[in-house]
Every structure is written in structure tokens, then in C-alpha cells.
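Hi everyone, thanks for making time.

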Amino acid sequence: MRNSLPVKVAARFVGRPVFAEWDYYCGLALTPAEVIDVRRAEHAAACAAAGVPTFALGDYEVQYSRSSRTRYRHAVDAATALLRDHDVQTIVTHPASARHPDHRRTHRLAQECRERTGVDLVTVCERPYTVCSEADGCREVETDSALVASLLPLADEEWAGKLAATNEYRTQIGGLEKTFGSAWMDRDRLGVECYHSLCGSQISVRQ
């Protein structure tokens, strides 16, 4: 199953189809292949709400594919080609110390792309695991002195856009509420973003 997605999962245990753990926690009684289609549609809708294009790299979440090195390498190659084709100057991604394994893998992919292309790399605090605020500053513990934090309080229009995009991930909101509480999407938790860029980089966080 891990090396041949998308597939229909036929295996059964005690009369119940085999589901991925997080998907089942979110209330989805679907096979991994079906969930992948749902997640892709949600992601496309979120990107459309944010007004940005989206491209599929062909990689999957660790809950489906924990050992497919070939698929990961293909994703790095595809991402590198996209960066060059679209003349991308900056990658914004998760921190290296992210708690979620998919977020850590995404950072690793972005770092490999940076090494290949020389683009700037900016990391953003891992929500909803980390909450930063204007009052408390950045709560993400960074041990790398080459990183500089920038807090960005979202204006009303920016916050409305972010909330609209976040709400497109309909199937995951229930699971996130059970994990982080019903207030995880409140403005005081998601309305202040925290970015880290490499020292010497002339990146405008607002841009």
C-alpha cells in the first residue's frame, strides 16, 4: 500500500476497512486514495481563496507512504523545476524543528531546493502547534543564531483572507478542534504570523 498509491485498500480487520489514523480521527471513512483526492480538492480551494496557483509534486503524507524514497526524490525534482520555470526568489516553509513529520519533510524538501537553486528560505512558525503574539513575541525556540524573527500582525483584510482559505480545509477542522481546542482558529492565535529568515537576506516579510 505504501509504495503503490493511489490504490483502493481491500484489506479488512474485524470487518472494518483499513483507514489512515488521522483521516479516521477526522471522521472520514474513506480509503487513503479517496482521501488524497479530497485533500487535493480542499488544498486547491484554499489556494484559490488566497489567490495563488497550486502545483502537485506527487508526494504523499507519511501516514500513507512512510518509505517511498523514489517518490520523495521525484517531488524534489519537480519542485526544483517549478522554482526555475517561474523564477521564484523565496520559499516560505515550515521550520526544521517542526513537530509534524510532514512539516519536517517539507522543510527538508525546501532546503534541498534552496541548495540547488540558491533561492532565499523563510520559515514560518508551525501553527497551530506554536502560537506567537505581539505581546509575547515568537514562542518558537530557535537555536540557530543565523535566523532572525519578524512578527507580522495581519490587517483586517489579510485576516479575512486567511480565515477564508483555512476554512476550505473542511475535513480537517474537526480533527484539529479535537486536538487543539475549539479556539484554535481564533484571531489571537492565527492572526499574528512569525517568520524567520536567514541573516543578510533582504526579504520583506510583508511582501
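Let's start with T80: is it buried or exposed? T80 is buried, because its relative accessible area is 2%, under the 20% cut-off. You'll find this residue in helix α3, which covers residues 69-85. Leaving out residues up to four places away in sequence, T80 touches C113, R116 and T117.

Okay, step back for a moment. What you're looking at is a predicted model. The average pLDDT of the protein chain is 82, and 81% of the residues score at least 70. Which element has the lowest mean pLDDT, and which the highest? Strand β1, residues 12-13, has the lowest at 36, while α5 has the highest at 95. Over residues 1-16 the pLDDT is below 50, although that stretch has 34 contacts in the model beyond near neighbours in sequence. Where pLDDT is low, the predicted coordinates should not be read in detail.

The protein chain has 7 helices and 6 strands. If you read from the N terminus, the order is β-β-α-α-α-β-α-β-β-α-α-α-β. There are 207 residues in the protein chain, and 36% of them count as buried. Take the contacts with a separation of 6 or more: 70% of those are between residues 24 or more positions apart. As for the surface, the protein chain exposes about 11900 Å², with carbon and sulfur atoms supplying 53% of that.

On to the rings. A pair of aromatic rings is described by the distance of the centres and the angle of the planes. How many aromatic pairs does the structure hold? There are 2. In one of them, the ring centres of W22 and Y25 are 5.5 Å apart and the planes sit at 40 degrees, so we call this pair tilted. Both residues lie in helix α1, residues 21-25, and they are 3 residues apart, about one turn of the helix. W22 is partly exposed, at a relative accessible area of 25%, and Y25 is partly exposed too, at 33%.

The other pair is Y129 and F180, with centres 5.2 Å apart and planes at 85 degrees, so this one is edge-to-face. Here the pair links distant parts of the chain, 51 residues apart: Y129 is in the loop between β4 and β5, and F180 is in helix α6. Y129 is partly exposed, with a relative accessible area of 33%, and F180 is partly exposed at 24%.

K178 lies over the face of Y25, 4.1 Å from the ring centre. Likewise, R108 lies over the face of Y72, at 5.1 Å from the ring centre.

After α6 comes G181, which has a positive phi, near 95 degrees.

Last stop, cysteines. A disulfide is a covalent bond between the sulfur atoms of two cysteines. With a cut-off of 2.5 Å between the sulfur atoms, the count here comes to 0 disulfides. C26 counts as buried, at 16% relative accessibility, and C47 counts as buried at 11%.

Technical notes. Residues numbered from 1 in each chain as written. Predicted model: local features only at pLDDT ≥ 70, side-chain atom pairs only at ≥ 80, totals over all residues. Heavy atoms only, no water. Phe/Tyr/Trp six-rings, centres within 6.5 Å; stacked < 30°, edge-to-face > 60°. Helix = DSSP H or I, 4+ residues; strand = E, 2+ residues; numbered from the N terminus. Buried < 20%, exposed > 50% of the residue type's maximum accessible area, 1.4 Å probe, protein only. Lys NZ or Arg CZ within 6 Å of the ring centre and 35° of its normal. Contact = heavy atoms within 4.5 Å. pLDDT = per-residue confidence, 0-100. Areas by Shrake-Rupley, 256 points an atom, 1.4 Å probe, with all protein chains shown as cover.
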